Amino acid sequence: MLHLSPRLFRTSTFRLSLLYVLIFGVSMIAVLGFVYFATAGNMLRITDESIQREMDDLQTEYHRGGARRLQNVIQARLKDDQVGGWVYLLVDNAYRPVLGNIPDWPVEATEADHWLRFVIPRGAHQYTMRALTASMPNGQLLLVGMDIRPAEKFTSTMIQAALWGAAITLALGICGGYLMSRNMLRRLDVLNRGAERIMRGNLSHRMPVVGSGDEFDRLAETLNSMLQEIERLVASIRAVTTNLAHDLRSPLTRIKSRLELVLTGRGDAEQLRHEIDYTIRESDQLLATFNALLSIAEAEGGAARANMKPLDLFEVAEDVADLYRPMAEDKGLNLELHGEGGAVVTAHRQLLLQALLNLVDNAVKYTDAGRVTIAVSHDAHHAVISVADTGPGIAPEDRARVLEQFVRLDLARTTRGNGLGLSLVAAIARLHGAELVFGGENGLEVKIIFTQKII
Amino acid sequence: MPRILIIEDDPELAANLTAGLKDAGYAVVHAADGEAGLTLAQKDKFDAMIVDRMLPKCDGLSVISTLRQKGDQTPVLILSALDQVDDRVTGLRAGGDDYLPKPYALVELLARLEALLRRKGAGAAETRLRAGDLEMDLLTRTVTRAGKEIDLQPREFTLLEYLIRHADQVVTRTMLLEGVWDFHFDPQTNVIDVHISRLRQKIDKGFPHAMLQTVRGAGYMIKAN
């Protein structure tokens with residue numbers, strides 16, 4: 001049995017089916033109305049025309065042969081077996097019957113040349129008559145009529161059929177709408193319940209796919225791939241948060257214990273000064289970590305796109321090479337710059353400088369002997385800026401992992417740095433629609449490949 | 001005693017800043033929101049202003065642009081928690097003279113403030129710079145110390161020029177990165193130190209008085225005497 005829930009009637013499906021029922025009902029009434037006027041209405045008109053023609057005939061007879069001839073003609077008509085549903089009545093000026101097949105002049109016929117409708121009992125039945133009256137030149141009155149019961153019966157059948165039709169349409173429409181809404185609601189409920197479970201924290205829940213391939217299945221599939229992406233992002237944020245907490249805990253612990261030591265007041269002024277100096281440097285490191293995170297957020301946010309201008313990659317490379325050359329030389333490394341001007345790309349100068357600086361800084365930091373090479377090259381549709389070194393390099397299986405935030409391949413985390421440098425480079429490359437490629441045979445080569453029309 | 005107006009809504013930061021500036025020998029007036037700051041700035045004359053970007057009632061950038069429209073040329077140092085390259089650009093465009101992201105080190109702020117105050121007095125384009133017995137000719141791009149010519153690379157020349165223009169002031173590493181290399185972010189490296197020690201080799205080696213000095217925990221300074 002149908003369980004009538006008020007919720008069902010509020011569904012848009014139900015409202016939509018009601019609207020359809022309404023539209024369908026109105027158009028059905030219009031069709032039936034047309035049929036009625038084309039059939040029943042036409043029948044009555046045809047009846048009236050026949051009566052009028054008969055009356056005209058009889059009047060013509062009168063004009064040809066006077067009252068005598070008219071009476072003879074009527075007499076003949078009455079005798080005729082084919083009188084059928086016809087009625088005739090001729091009365092004198094005092095409404096006394098002269099000739100006819102009905103006994104009395106109907107009370108409804110008050111004046112001559114008048115259409116009327118009256119009922120006469122004949123046997124057990126009642127006959128509905130349609131009639132026309134006319135006055136003859138000699139003062140007599142003539143009535144010619146016809147039984148219109150068949151036409152009336154047809155009309156009432158038509159009306160009844162129309163009403164039944166409308167009622168059935170309405171009932172079927174409401175039932176159909178109800179069933180359809182219930183079906184829709186059931187499938188939507190599954191999706192709603194799924195969404196509620198996910199909101200309560202079960203991110204691994206998925207929307208059921210029935211397998212019918214209909215729009216609900218497609219919706220469920222879209223939602224599922226969205227959930228997949230959300231789950232991945234949440235997991236990566238969770239990993240970043242955990243790493244961040246781990247990375248911040250040790251320096252904060254060190255800062256705290258050092259400050260506690262200072263608070264006890266032991267040691268001479270120079271020693272205390274040294275401790276505080278060290279603490280400040282350590283908090284600077286922490287701030288640097290946050291700054292790096294903010295820079296990554298800035299590059300990933302995309303707002304920096306508004307400040308991109310055409311710039312020559314070689315000039316950017318020159319600036320960074322110039323900044324790092326003394327440092328590399330002090331370490332016994334050759335810092336080489338290859339290429340020439342002309343690789344003009346639309347880019348954010350400061351962010352690009354930062355990306356290149358991070359790469360060169362890494363190269364100088366991790367290379368103990370040999371050289372660091374910055375190279376710029378371009379063709380019509382690509383511009384490449386690359387940093388290669390002769391350091392230890394990165395094993396191919398580790399190359400994807402270095403881009404994750406906080407990953408330092410040195411697991412003991414003994415070298416300086418917050419593990420965000422390459423993540424920032426990757427974010428800046430993404431902002432520019434550029435590709436970041438790791439390679440290198442002896443040592444590491446990192447390429448940033450810009451794909452845009454080179455001016 | 002130079003008078004400084006601080007417009008900053010964080011009471012603790014404002015108190016620290018006021019104390020730090022007073023210790024450094026400045027007279028300080030503090031306003032806690034944008035409207036009060038604007039009123040004070042228009043009523044009174046200050047040598048420099050330190051303005052936070054995000055303020056109640058009227059934000060820092062509007063305060064600055066209003067003052068600039070009225071022809072007030074008081075040097076302004078903008079403080080901001082919005083540590084992003086493009087925020088810096090909008091800050092300077094609104095009429096700020098320098099921009100320092102929070103959290104900042106007090107030495108950095110003092111160094112920049114002093115640079116702003118000195119710049120105010122700087123006259124027309126000079127062709128010769130001098131600090132003690134160190135002389136720079138900006139036209140022939142030659143440097144001499146006590147008459148002895150010193151050979152510098154182009155970037156070393158620019159670095160020395162920046163230091164001499166800020167002689168007897170503390171110059172921080174970020175100021176050098178901005179002023180000499182046009183890098184507007186903190187690269188978290190000691191790469192500047194190497195440039196300084198090379199420059200020091202060239203200008204101080206063989207002279208009894210070391211002009212290019214390291215200011216512990218802050219930066220560097222050219223000491224004229």
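How many bridges pair E10(B) with strand E12 of chain B, and in which sense, parallel or antiparallel? E10(B) and strand E12 (residues 219-222) of chain B pair over two bridges in the antiparallel sense. Helices (H or I, at least four residues) and strands (E, at least two) are DSSP runs, numbered from the N terminus, and two strands pair if DSSP finds at least two bridges between them.

This is a predicted model, in which local features need pLDDT of at least 70 and side-chain atom pairs count only at pLDDT 80 or more, while totals for chains, interfaces and linings use all residues. Residues are numbered from 1 along each chain as its sequence is written, chains are lettered from A and ligands numbered from 1 in the order in which they are written, and side-chain values use heavy atoms, with hydrogens and water left out.

**Sheets of chain B**

Strands of a sheet pair through backbone hydrogen bonds, either parallel or antiparallel. Chain B has an example of each sense.

The antiparallel one is an open sheet of three strands in the order E10-E12-E11. Strand E10 (171-172) and strand E11 (212-215) of chain B stand at its edges with a single partner strand each, so one side of each has no neighbour in the sheet. B:Val171 has B:Tyr220 as its bridge partner in E12(B). Helix H8 (residues 191-204) of chain B packs on this sheet and touches E11 and E12 of chain B. Contact here means heavy atoms within 4.5 Å. The direction of the helix makes about 145° with that of E11(B); axes are lines fitted to C-alpha atoms, for helices over the stretch in contact, and angles run from 0 to 180 degrees between N-to-C directions.

The parallel one is an open sheet of five strands in the order E2-E1-E3-E4-E5. Its edges are strand E2 (27-31) and strand E5 (98-101) of chain B; each has a single partner strand, so one side of each is left without a neighbour in the sheet. From one strand to the next the twist averages 20°. Strand E1 (residues 3-7) of chain B is joined to E2(B) by five bridges, and B:Leu5 stands opposite B:Val29 in E2(B).

**Strand pairs of chain A**

| Strand | Partner | Bridges | Residues facing each other |
|---|---|---|---|
| E3(A), residues 115-122 | E4(A), residues 125-135 | eight | A:Phe118 and A:Met129 |
| E10(A), residues 382-389 | E12(A), residues 445-451 | seven | A:His382 and A:Thr451 |
| E11(A), residues 435-439 | E12(A) | five | A:Gly439 and A:Glu445 |

E3(A) and E4(A) form a hairpin with two residues between them, and A:Gly123 in the turn has a positive phi of about 70°. The hairpin of E11(A) and E12(A) has five residues between the strands; in its turn, A:Gly440 has a positive phi of about 105°.

**Where the chains meet**

In the contact between the chains, 26 residues of chain A touch 22 residues of chain B. The two chains bury about 2400 Å² between them, 51% of it on carbon and sulfur atoms. Buried area is the accessible area (1.4 Å probe) that two parts lose on being put together, summed over both. In chain A, the residues that lose the most area to chain B are A:Glu298, A:Leu323 and A:Gln350, together 24% of what that side buries.

Six salt bridges are found across the interface, a salt bridge being a side-chain nitrogen of Lys or Arg within 4 Å of a carboxyl oxygen of Asp or Glu. A:Asp277 forms a salt bridge with B:Arg216, and their closest N and O atoms are 3.5 Å apart. Helix H6 (269-301), helix H7 (313-330) and helix H8 (349-366) of chain A are the elements that give two or more residues to the side that touches chain B. H7(A) gives the largest share, nine residues.
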